[in-house]
Amino acid sequence: MADVRRPRPRAPFEAETEDAFPTAYLRPGEADRVVAGHPWIYEGSLLRLTREPSDGDVVQVKDHRRRFLGVGFFNSKSKIRVRVLSSERDDLEAPFLDRRLRDAIAHRQRFLPGATSFRVVNAEGDRLSGLIVDKYEDVLVLQTSSLGMDRRKPVIVEILRKLLKPRAIVERNDAGSRKFEGLPESNSVLFGSLEEAEMKSLPVVLNGLRFEVDILSGHKTGLYLDQQVNQALVAGFARGARVLDAFSFIGGFALHAARAGANSVVGVDQSETAVAAARRIAAANGLAANTQFEAANVFDWMRARCTTGGAAPAPGAPPPAIPADKQFDVVVLDPPSFTRNRASVPDALRGYKEIHLRAMRLLRPGGILATFCCSHHVDAQTFAAVINESAYDARRALRRIALYSQSPDHPILSAVPETEYLKGFAYEVLGV
Ligand code: SAH
């Protein structure tokens, strides 16, 4: 057997490219995660640079023993000094981007067949750190959050045109993360043309339902595509049911449930704009009759609905029963991330606990709770533990019936834990 530790003889090619790109050497102990496929190299991991690269340039990355690890984009203004994109020697120009984009599209075709609107590229999950591309039918929306990627926009646009034949490609570069890379905000049409009205309301089909997306001012890039698969799955519980969709946004879960034959659906979201859109979309799909959307804070709305009017229960006693006519058969909880950092996790957990406790009280015995957590800082185990605490306080027993994750167009790369953020569970909520 060959001795794998023995260094391979150097190809002549190596000597040449040694000079082609500046080299970033890593400190001892920093190489393994890069070899495993994690693309971020922070300032503190760098030992030295052979020459000072210009921001946005390609550098090659080596460990302290001069073993070649990969190539990536350098930026001295970013805490992430190097974003590694390939473990091969590559100039990261058109042929590389073409390969990666084809790979990303093939992944969607394989695991999300039939979808016409989806995230085409999700940065690290597609080994394209710094690039996000969404497809809304025949319009593409692009975000670049690293300088190196930003510079390659014209090439990326060309490749996307060739591979996906869009009618228009829009740049939506107003993400706060760009300022960490020293990049200005920039929103424009990069290819094709799009009416102002279309930007505000572009028709989109998800699982055969018609939605609309506001490309310029919508949340994130305009739609929660990461829930596309889960919306269809959760609708499987809805036939004949009274459904509550809490944090409904434009009614993703609500309208899937209504189409699946729910008896009645209530969506609650604090955004007036989202609620107005949800009502419009319900009507456009012929689902207005049994859906209702309310603009309210879910915490207040649930508290009011759970108020029974009787005396407060003694400390430690189970909460009073909610009248059956105020209860639901299915409750969906899909709140925003209650925490953007580790420090506020305890507050976030209190928030999760409160909505779960109330959701369980609002469910009839045997009802179904489908609940999601999109905070990277709250992992599935912690999330499940909070749900268990809520069940204890509500005096309910939970029987887990499903596990959910983000849709396949938001791929999870094992070596990059940051790519995994959305988790969800469905439970049958049993009475005592
Ligand atoms: N379920 C939606 C996505 C929800 S995103 C879908 O599948 O498309 C989270 C939503 O929660 C946003 O629309 C936001 O407006 C809303 N929101 C945030 N805090 C809220 C609160 N306290 N009460 C009600 N809605 C809230």
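Mentor: What follows concerns a predicted model, taken topic by topic.

Trainee: How many cavities of 30 Å³ or more does the structure hold?

Mentor: The structure holds 1 cavity of 30 Å³ or more. The volume of the largest cavity is about 40 Å³.

Trainee: Which residues line the largest cavity?

Mentor: The lining consists of F73, F74, N75, I80, R83, S146, L147, G148 and E181. Strand 5 (68-74), strand 6 (80-86) and helix 4 (147-151) are the elements that each give two or more residues to this lining.

Trainee: And how do the lining residues divide into nonpolar, polar and charged?

Mentor: There are 4 nonpolar residues, 3 polar ones and 2 charged ones in the lining of the largest cavity.

Trainee: Which domains does the lining draw at least three residues from?

Mentor: Domain 1 (21-86) and domain 2 (94-198) each supply at least three residues to the lining of the largest cavity.

Trainee: Now to the helices. At what angle do helix 3 and helix 5 pack?

Mentor: Helix 3 (residues 94-111) packs against helix 5 (residues 153-164) at an angle of about 45°, and their axes are 10 Å apart. Helix 3 is therefore oblique to helix 5.

Trainee: Is that crossing left-handed or right-handed?

Mentor: The crossing of helix 3 and helix 5 is right-handed.

Trainee: What about helix 7 and helix 8: at what angle do their axes cross?

Mentor: The axes of helix 7 (residues 228-235) and helix 8 (residues 252-259) cross at roughly 40° and come within 8 Å. Because of that angle, helix 7 is oblique to helix 8.

Trainee: And the handedness there, left-handed or right-handed?

Mentor: Helix 7 and helix 8 form a right-handed crossing.

Trainee: Why do you give both an angle and a distance?

Mentor: Two packed helices are described by the angle between their axes together with the distance between those axes.

How values were computed. Residues are numbered from 1 along each chain as its sequence is written. This is a predicted model: local features need pLDDT of at least 70, side-chain atom pairs count only at pLDDT 80 or more; totals for chains, interfaces and linings use all residues. Side-chain values use heavy atoms; hydrogens and water are left out. On a 1 Å grid over the protein atoms alone, a cavity is a set of points where a 1.4 Å probe fits but cannot get out, and a pocket is an open set with protein on both sides within 12 Å along at least five of seven lines; lining residues have an atom within 4 Å of a point. Grid points are joined across faces, edges and corners, and a volume is the space filled by probe spheres set on the points. Helices (H or I, at least four residues) and strands (E, at least two) are DSSP runs, numbered from the N terminus. Ala, Val, Leu, Ile, Met, Phe, Trp, Tyr, Cys and Pro count as nonpolar, Asp, Glu, Lys and Arg as charged, and the others, Gly among them, as polar. Domain bounds come from an automatic or database domain assignment. Axes are lines fitted to C-alpha atoms, for helices over the stretch in contact, and angles run from 0 to 180 degrees between N-to-C directions. Angles under 35 degrees count as roughly parallel, over 145 as roughly antiparallel, 65 to 115 as roughly perpendicular and the rest as oblique. A crossing is left-handed if the near helix is turned anticlockwise from the far one by less than a right angle, and right-handed if clockwise.
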